[in-house]
Amino acid sequence: MAALIAMRDVKKSYGENVVLNGINLEVEKGDIVAIIGSSGSGKSTMVRCIAGLEDIQSGKIFLRGEEIIDRNSVVHSIGMVFQNFHLFPHYTVEENIIKPLRTVKKMDLKAAKEKSEELLRKVRLSESARQYPSTMSGGQKQRLAIARALAMNPEILVFDEPTSSLDPELAHEVFRTIKDLATEGQTMLIVTHQINAVSHFATRVAFLDSGIIEADGACKEIFENSDNQKLKQFLAMVEFNTI
Ligand SMILES: Nc1ncnc2c1ncn2[C@@H]1O[C@H](COP(=O)(O)OP(=O)(O)OP(=O)(O)O)[C@@H](O)[C@H]1O
Ligand SMILES: [Mg+2]
């Protein structure tokens with residue numbers, strides 16, 4: 001059976017700057033892939049290409065074996081959660097979920113409310129349904145962003161540094177929600193510098209360096225047994241920085 005997402009020799013440049021230099025990646029249903037690598041290695045660009053937010057210059061990206069030609073056709077299959085939440089500030093918490101369900105999924109109000117209640121329960125925000133995002137902590141905002149992405153029933157959820165603007169305690173809350181989704185079998189791609197946190201639930205790790213996937217494998221293989229020098233250097237540096 002075809003992989004849920006497959007990237008084949010994907011290349012992307014900004015002017016002279018080659019950012020993705022032949023990416024090959026397969027994501028199976030149920031995979032939770034942590035994407036790591038130093039700043040500027042191309043992590044955000046790679047996931048933005050998967051989510052249909054960027055054009056690619058060459059190569060192909062497939063969703064369930066079908067080449068993605070029209071980017072609009074994938075926006076609801078692939079949910080995206082950003083570092084800075086991207087919420088609607090003028091809507092309450094529940095409206096942030098209800099409004100897109102009404103406009104995009106064409107749900108009636110009752111069904112949209114029920115779905116919103118279910119999702120807010122899932123991310124532990126039921127108590128905050130009537131608040132505005134500006135009154136919430138960063139961790140709460142990010143959990144709302146996750147609930148809103150889930151409302152579209154995405155086949156795959158893509159996170160780009162979901163916790164890097166948060167204090168450790170709030171980051172922990174967000175990782176707890178992501179971990180709950182992992183338990184439910186949600187397919188996820190997570191770009192993060194918080195390697196320790198993802199290592200508890202990622203099924204795989206892909207290490208990017210200068211627009212190439214230098215190493216891709218099970219957590220143990222990547223963190224403990226790899227003899228890739230670039231990866232070893234990167235991990236040593238990350239460890240050093242977190243002390
Ligand atoms: N919109 C853009 N226009 C021009 N160059 C860009 C653009 N977006 C990214 N780049 C360049 O592409 C390269 C890779 O950027 P990218 O944001 O994908 O890296 P990253 O691995 O996500 O880094 P970080 O860990 O800092 O988020 C960088 O050299 C960056 O300057
Ligand atoms: Mg980035």
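In this predicted model, in which local features need pLDDT of at least 70, side-chain atom pairs count only at pLDDT 80 or more and totals for chains, interfaces and linings use all residues, an open sheet of four strands has the order E2-E1-E4-E5 with antiparallel pairing. Helices (H or I, at least four residues) and strands (E, at least two) are DSSP runs numbered from the N terminus, and two strands are taken to pair if DSSP finds at least two bridges between them. Strand E2 (17-27) and strand E5 (66-67) stand at the edges, each with a single partner strand, so one side of each lacks a neighbour in the sheet. Strand E1 (residues 5-14) runs antiparallel to strand E4 (residues 58-63), to which five bridges join it, and Ala 6 stands opposite Phe 62 in E4. Helix H1 (residues 43-50) packs on this sheet, touching E1, E2 and E4, and its direction makes about 60 degrees with that of E2; contact here means heavy atoms within 4.5 Å, while axes are lines fitted to C-alpha atoms, for helices over the stretch in contact, with angles running from 0 to 180 degrees between N-to-C directions.

Six strands form an open sheet of mixed pairing, in the order E6-E7-E8-E3-E9-E10. Its edges are held by strand E6 (78-81) and strand E10 (212-217), each with a single partner strand, so one side of each is left without a neighbour in the sheet. From one strand to the next, the twist averages 20 degrees. Strand E3 (residues 32-36) pairs with strand E8 (residues 187-191) in the parallel sense over four bridges, and Ile 35 stands opposite Val 191 in E8. Helix H4 lies across E6 and strand E7 (156-160), and runs at about 170 degrees to E6.

The axes of helix H4 (residues 138-150) and helix H5 (residues 168-183) come within 8 Å and cross at roughly 25 degrees, which makes H4 roughly parallel to H5 (angles under 35 degrees count as roughly parallel, over 145 as roughly antiparallel, 65 to 115 as roughly perpendicular and the rest as oblique). The contact is made by Gly 138, Gly 139, Gln 140, Gln 142, Arg 143, Ile 146 and Leu 150 of H4, and by Leu 170, Glu 173, Val 174, Thr 177, Ile 178 and Leu 181 of H5. Residues are numbered from 1 along each chain as its sequence is written.

Key. Chains are lettered from A and ligands numbered from 1 in the order in which they are written. Side-chain values use heavy atoms; hydrogens and water are left out.
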